[in-house]
Amino acid sequence: MNCSNSIEHTVEAGDTLYKLSRQYKTTVSSIILSNPRINPYNLQIGMKIEICPGREYTRPEMSGNTGNSGISNNNGKGNLKELMRMAWLNHTYLLRMLLVSMAADLPDQQELVTALIDNAEEIADLFGRYYPENTVHSLRDLLVRHVELTGGLITQKKEGRTKDTVEQVRRLNENADRIAELLASATPEYEESALKEMFRMHVELIGQEISERLAGNYEKDLQTFWNIQRQIIAMADYLASGLETEAKESGLR
């Protein structure tokens, strides 16, 4: 990747691709593409990673106090479309990392679940620019529920509990519908039926990815992951466009 202001980051204890994407205002996918020889699931302390920071990133020597994390508040002004894409792409990468970890019984599963919960907060915060606090909290809870149900689905498929997986998919789709209904009720610009179709498609694709990964069909697994990314970008763009249109019509900035 061409990058005029690339930064070399030395991996420290506790670093994850999600954490670094937040710190440098970029995406997990961008970091992976910039470092094709690095295993994203096995970062080692002292490892050097090239990172192309996002346009919102300010180098520490040029910024004021940002707190211990060095991450600025995401609630400020910014390109909503880019932020929405980044948040949902992070969601897909973290889910994939959790799938790989659970499939191989790796020890980082709790850290990934924690990152996914942080990501739910990240997504909900974007809507917090436009929604009342109680709606944002409800959205965050539904997104966390999606993570919990997806983790359960991975376990059930791994253990071959076919009957349980059918019920778990039903719960995932029901939760997806609730997310769609919440967003549509808060933003009339959204079509509830369109949102339900998008969120259910996400559930379906994630289910395919889980099945293919656990079956060892790695070529199909990877292709499904690319399909998940394309689908989530289209969904993120729809969500951002609806919020911006609604804000303009309401006289908001």
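Q: What classes of residue are in the lining of the second largest pocket?
A: In this predicted model, that lining has seven nonpolar, six polar and six charged residues.

Q: Which elements give two or more residues to the lining?
A: Two helices do: α2 (28-34) and α3 (80-103).

Q: OK, which element gives the most?
A: That would be α3, with six residues in the lining of the second largest pocket.

Q: Back to lysine 25. Where is it found?
A: Look at the loop between α1 (17-23) and α2.

Q: Is lysine 25 buried or exposed, and why?
A: Lysine 25 counts as buried because its relative accessibility is 13%, and the cut-off for buried is under 20%.

Q: What about the phi of lysine 25?
A: Lysine 25 isn't a glycine, yet its phi is positive, about 55°. In general, most residues other than glycine have a negative phi.

Q: New topic: what is the phi of aspartate 105?
A: Aspartate 105 has a positive phi too, about 55°, and is not a glycine either.

Q: Where do I find aspartate 105?
A: Go to the loop between α3 and α4 (109-127).

Q: Buried or exposed, that aspartate 105?
A: Aspartate 105 counts as exposed, because its relative accessibility is 58% and exposed means over 50%.

Technical notes. Residues numbered from 1 in each chain as written. Predicted model: local features only at pLDDT ≥ 70, side-chain atom pairs only at ≥ 80, totals over all residues. Heavy atoms only, no water. Helix = DSSP H or I, 4+ residues; strand = E, 2+ residues; numbered from the N terminus. Nonpolar A, V, L, I, M, F, W, Y, C, P; charged D, E, K, R; others polar. Buried < 20%, exposed > 50% of the residue type's maximum accessible area, 1.4 Å probe, protein only.
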